[in-house]
Amino acid sequence: MSSPDGPVGAERSLGQLVATATGEMSALVHDEIALAKAQLRQDVKRGAIGGGAFAAAGAVLIFSLPMLSFALAYGIRTWSGWNLAVCFLLSFAANVLVAGLLALIGVVFAKKAKKGKGPQKVAASAKETAAVLGNVKPHPRAVGPTGAVDVRIGETGATVARSSS
């Protein structure tokens, strides 16, 4: 298996190691920012849907009441023969019911948007990354009698002698 800067186990300079680490940190930060944007975009979309449902509820209640109320009231009177005032009250109740259903939809979507944990997830992920990076310490290297550095590679315990020069 080879890394971007050469095969594993090949000697790399400190500059190459720092450049690789810097590139990986930069990519990690960019990915964290992209994740935050995606999660915030989703929360904003849910909030917009909830707000749109509230606006639709208001529009239905205001703009449809006159026409719908007259049509419904006269339809009820024709069907049942009841007093016209009772028919108008029933048509108003029907309009309020429709507006209530739309408002309920708006509440559901608003709660979903409020429960969205996008920023909290991103902050937790960034803290976790910082904690992991804060605990990273260089491994001590034993110096052998010949002045070579004893380096353990992987879990197999393979030892590689490297010159300290």
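The model is predicted, so to speak of local features we need pLDDT of at least 70, and of side-chain atom pairs 80 or more, while totals for chains, interfaces and linings use all residues. Residues count from 1 along each chain as its sequence is written, and side-chain values use heavy atoms, leaving out hydrogens and water.

**Annotated spans**
- An unreviewed UniProt entry marks residues 47-76 and 82-110 as "transmembrane region"; such annotations may be inferred rather than shown by experiment.
- Residues 47-76 are 97% helix and 0% strand, with end C-alpha atoms 38 Å apart (helices are DSSP runs of H or I, at least four residues; strands are E, at least two).
- Residues 82-110 are 93% helix and 0% strand, and their end C-alpha atoms lie 41 Å apart.

**Aromatic rings**
- There are 2 aromatic pairs here (ring centres within 6.5 Å; planes under 30 degrees apart are stacked, over 60 edge-to-face, the rest tilted).
- Phe 70, Tyr 74 and Phe 88 make up one aromatic cluster.

- Phe 70 is partly exposed at 46% relative accessible area (buried is under 20%, exposed over 50%, partly exposed in between, using a 1.4 Å probe and protein chains only).
- Phe 88 is partly exposed at 25%, and Tyr 74 is partly exposed at 43%.

Definitions and conventions. Rings of Phe, Tyr and Trp (its six-membered ring) pair if their centres lie within 6.5 Å; planes under 30 degrees apart count as stacked, over 60 as edge-to-face and the rest as tilted.
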